[in-house]
Amino acid sequence: MEITTRMKQIFQVLLKEPAAVSVKYLAEQIGVSRRTVQRELEYIDASLKEYDLVFASKTGVGIWIEGSEEEKRRLLDVCSAGDDYDVSNREERRKRLILEILKEKGLRKLYYYSSQFGVSEATVSADLEAVEGWLGRYGLLVNRKPGSGIEIDGSEDNYRRAIRAFINENIDTQMIRDAYEDEPDSTVQKESVKWSNIGQILNDDIMKRVMDCINGLDHDRVLTLTENSYVGLVIHISIAINRILKNEMIESADDWRDSITEDEDYQLAGMIVESLEREFGISIPEVETSYICLHIKGAKHEKIQWSDMQVEFENKKLQQLVNEMIDVFYPEQAYLIKQDDEFIQGLLAHLQPTLIRLVYGMQIQNPVLEEIKAGYPKIYQRCEGVAGVLEKYTGKKVPQQEIGFLAVHFGAAMVRIEGRHEEIRKVQVGVVCSSGIGISRLMSSKLEKIFRDQMQLTAYGKNDITPFIAGRTDFFISSIPMDYTNTMDTPVVLVNMLLNDKDIENIRRMVYKYERLPRKNKKADEFSVQLEEINLVAAQIGTVIKYMDFFKVDNQISFEELLIAIGEKMSPYSDRQEMVREDLSRREQIASQIFAEFGFALLHARTRGVIRPNFSICMTKDLGPFQNPYFKEIKVVFIMLAPVDDNLNVNRDIMGYISSMLVEEYEFLDIVSSGDKERIRDALSGNLKKFFNKYIARLS
């Protein structure tokens, strides 16, 4: 039994007194009535259960604690540990009340909570009324039983949802992971978790052992979980283990159990359950495997695993959903958005767990929701329309947190589209700490992972900043106050050394601003680098023009037959032909590239089936529409293939420009419709010359 606040006060008095004391004296020391102390003493034996100590009393003598000095010191340390609960803090007290309700299912008297928090039963009753609304959001109802106490009615599923929401709202997941994963300096962190006012829902030993079981599997689906999803899974399992160890029944969930497919996620859940059963020596109900599987399916992952999702891609409803979401978001730009492979991949990685969460009512936190709504109101508003598509698909209301995440994905796609028409450059950023060795290096490492090739990072010590350095730096990122005299008006973004979500968003806005402005200063040796870059771009453009192909196929050709024909055109080798076919087929399954509204298809992929960038055009033998219904009566198919090599960015820029050209340059499409290969090549060359001129201007 957990030691209540009032019981800790009693122990602190009894353990510090050298002899027996009266109940009256004890009540005076604590500041409560004798009757309150007598009621509390009824539970004292249960509170001493984990200690080799005995409560003793004798009429005419008083009450005291018997046992060794070592055990007394151990109990006193626990009672004196850093629980800084403030009884007058109503918000904190009500959080504790929710916590106790979620921890212990079953009937409880108001006096139990009164004793736990050190307040009157009337105050507990008022607090209970205040938290009913929060509990009700998760289907938990407060049932008052006169003379017996209160009981919370709700399904096991509702309890799980409420517990997850409470953890998300009140506990720092990074702090938990650092504290329990055997970091050398985690002792202080672990204590802060263990004794935090709201952290007492966690059992220290169970949490650590659950993490060991999960991590010991070394499974990709666990290793790629995001921070929040990983800790959420650990907490979910820890609470279930705690329930089972207390012999509490875990209800069945047959109403949705049959809808869960016994796929790789279910097999992983089974492996986790087997590991837990060995570790804790318990038998875990089958329903818990389903709960763990559901949590894994609804979790966010840092990267998508294409091989695991290929079966899902064959689901035409999911393909249709993605296309409909894009069309609703921005009909005028839908075509260009559908060409953004990075966006499509990211949206699919996000969408699959999102659908699971929506269908089963699982909660997710979005710590930057308000910043997204304030900073990108138009994007967020468009994504409310996208949410309508998901609501129609699932029959469930989409919460604002999910809409915020959709805004991040769609917003990034819009930035990339805008970047095709803007002169984007790499931003020069200085990362500052006191020495330039410690914190700045750690921050630089994290920033490089987030911003990749968007910024050039240099670490500086506080005293390293000179007018020359400031003159060539776009802005500084610092975890310490800066002397603005040396920075020469160069902006400084002050951040937490751990770079929280708000810091990242502030930095992202600065990067967006400066990558669109001219460079401040250029170093003399940049000229040779620029020459190499220009030569590479010129060579890739020349390759695209030189090897542009135009070929005709039968009017009745099917889509699969067309892919085979394309593979044969791209390479004489059968293995490379098959690579081209497979990669184009996989890309079509993600989101269809048949654009009936423009009268053409744009089949594109990055593939090992080619060794150079390629742009080709395919039409029917009579230059009329393709007859197979899949092609929706289009007249031309454009093919864009990029090799898997080190020139990804350059190839992507060239192909992205061509994609835009197909819908913006009507004259080019008119020339294509003539079927004259040399005229098409000349028109392509003229348009890519415009791209090249813009590229050179961007470097100047």
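Predicted model: local features only at pLDDT ≥ 70, side-chain atom pairs only at ≥ 80, totals over all residues.
Residues are numbered from 1 along each chain as its sequence is written, and side-chain values use heavy atoms, with hydrogens and water left out.

Strand β1 (residues 53-58) and strand β2 (residues 62-67) run antiparallel and are joined by 6 bridges; two strands are said to pair if DSSP finds at least two bridges between them. The names of these elements come from DSSP runs numbered from the N terminus, where helices are H or I runs of at least four residues and strands are E runs of at least two. Between β1 and β2 there are 3 residues, which makes the two strands a hairpin, and G60 in the turn has a positive phi of about 85 degrees.

## The open sheet and the helix across it

Strands of a sheet pair through backbone hydrogen bonds, either parallel or antiparallel. In this model an open sheet of 5 strands shows mixed pairing, with the order β9-β12-β13-β11-β10. Its edge strands, each of which pairs on one side only, are β9 (549-553) and β10 (594-595). Within the sheet, strand β11 (residues 600-607) pairs with strand β13 (residues 636-643) in the parallel sense over 8 bridges, and F600 is the residue that stands opposite V636 in β13.

Helix α32 (residues 648-664) lies across β11, β12 (614-620) and β13, and its direction is at about 170 degrees to that of β13. Here the axes are lines fitted to C-alpha atoms, for helices over the stretch in contact, and the angles run from 0 to 180 degrees between N-to-C directions.

## Two helices that meet

Two packed helices are described by the angle between their axes and the distance between the axes. For α32 and helix α33 (residues 666-674), the angle is about 85 degrees and the axes are 6 Å apart. The two helices, α32 and α33, are therefore roughly perpendicular to each other, a term that covers 65 to 115 degrees, whereas angles under 35 degrees count as roughly parallel, those over 145 as roughly antiparallel, and the rest as oblique.

On the α32 side the contact (heavy atoms within 4.5 Å) is made by M661, L662, V663 and E664, and on the α33 side by Y666, F668 and L669. These residues divide into 6 nonpolar, no polar and 1 charged, where Ala, Val, Leu, Ile, Met, Phe, Trp, Tyr, Cys and Pro count as nonpolar, Asp, Glu, Lys and Arg as charged, and the others, Gly among them, as polar.

V511 is found in helix α28 (residues 501-514) and is buried, with a relative accessible area of 1%; buried means under 20% relative accessible area, exposed over 50%, and partly exposed in between, with a 1.4 Å probe and protein chains only. Not counting residues up to four places away in sequence, V511 touches V427, F451, Q454, M455 and F475. M455 is 56 residues from V511 along the chain, yet their C-alpha atoms are separated by 7.6 Å.

N323, which lies in helix α19 (residues 316-329), is also buried, with a relative accessible area of 11%. Leaving aside neighbours within four places in sequence, N323 is in contact with K338, A591 and S592.

## Salt bridges

A salt bridge is a side-chain nitrogen of Lys or Arg within 4 Å of a carboxyl oxygen of Asp or Glu, and by this rule the count comes to 16 salt bridges. One of them joins E132 and R144, whose closest N and O atoms are 3.3 Å apart. This pair links distant parts of the chain, with E132 in helix α8 (residues 121-136) and R144 in strand β3 (residues 141-145), 12 residues apart. E132 is partly exposed at 28% relative accessibility, and R144 is partly exposed at 39%.

Other pairs lie within a helix. R509 and E505 meet in a salt bridge of 3.4 Å, N to O, and both lie in helix α28, 4 residues or about one turn of the helix apart. At 35% relative accessibility R509 counts as partly exposed, whereas E505, at 13%, counts as buried. A network of salt bridges links E505, R508 and R509. In the salt bridge of R581 with E578, the closest N and O atoms are 2.8 Å apart.
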